[in-house]
Amino acid sequence: MTECTRHTQCEFFNNQNFNSDMASIRMKETYCTGDFKSCARFMINTHISNIGIPFDLLPNQRTRAAQLISNLK
Ligand code: SF4
């Protein structure tokens with residue numbers, strides 16, 4: 001198991017109300033303890049900072065993340 005290096009400051013990973021449904025649990029398995037470098041939230045954190053990540057951005061929303069990064073540059 002590979003744990004995401006950003007998990008301590010990640011709202012998706014740490015908010016129990018936000019990520020307790022089955023789809024979110026599966027995304028945590030896929031991204032947070034798996035392929036975290038493919039996560040949309042990780043992508044924004046890498047390109048900008050933790051501050052620019054919308055609360056509701058899901059790990060599988062890479063297209064939205066790319067648009068947000070493009071708008072902020
Ligand atoms: S949602 Fe993304 S940035 Fe947050 S802990 Fe999971 S893989 Fe890391």
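Which residues touch the most other members of the largest nonpolar core? They are Phe36, Cys39, Ala40, Met43, Ile44 and Ala65, in a core of 16 residues.

## Model and confidence

The structure is a predicted model, in which local features need pLDDT of at least 70 and side-chain atom pairs count only at pLDDT 80 or more, while totals for chains, interfaces and linings use all residues. Residues are numbered from 1 along each chain as its sequence is written.

For the protein chain, the mean pLDDT (the predictor's confidence in each residue, from 0 to 100) is 87, and 88% of residues reach 70 or more.

## Overall fold

The protein chain contains four helices and zero strands, where helices (H or I, at least four residues) and strands (E, at least two) are DSSP runs numbered from the N terminus. Along the sequence the pattern is α-α-α-α.

Of the 73 residues in the protein chain, 26% are buried; a buried residue has 20 or more other C-beta atoms within 10 Å of its own, an exposed one 12 or fewer, and a partly exposed one a number in between, with C-beta atoms placed from the backbone. Contacts are pairs of residues whose C-beta atoms, placed from the backbone, lie within 7 Å. Among contacts between residues at least 6 apart in sequence, 46% join residues at least 24 apart.

A nonpolar core is a set of buried Ala, Val, Leu, Ile, Met, Phe, Trp, Tyr and Cys residues joined through C-beta atoms within 7 Å. Helix 3 gives the largest share, four residues.

Helix 3 is largely enclosed by the rest of the structure, because six of its eight residues are buried. These are Ala40, Arg41, Phe42, Met43, Ile44 and Asn45. The buried residues of helix 3 pack against helix 1 and helix 4. Leaving aside neighbours within four places in sequence, Ala40 is in contact with Leu57, Leu58, Pro59, Asn60, Gln61, Arg62, Arg64 and Ala65.

## Ligand surroundings

The ligand is surrounded by 13 residues, of which Cys4, Cys10, Phe13, Cys32 and Cys39 are the closest; a residue is near a molecule if its C-beta atom, placed from the backbone, lies within 6 Å of it. Helix 1 (11-14), helix 2 (22-32) and helix 3 (40-47) are the elements that give two or more residues to this shell.

By residue class, the shell holds ten nonpolar, one polar and two charged residues. Here Ala, Val, Leu, Ile, Met, Phe, Trp, Tyr, Cys and Pro count as nonpolar, Asp, Glu, Lys and Arg as charged, and the others, Gly among them, as polar.

Conventions:
Contact = placed C-beta atoms within 7 Å.
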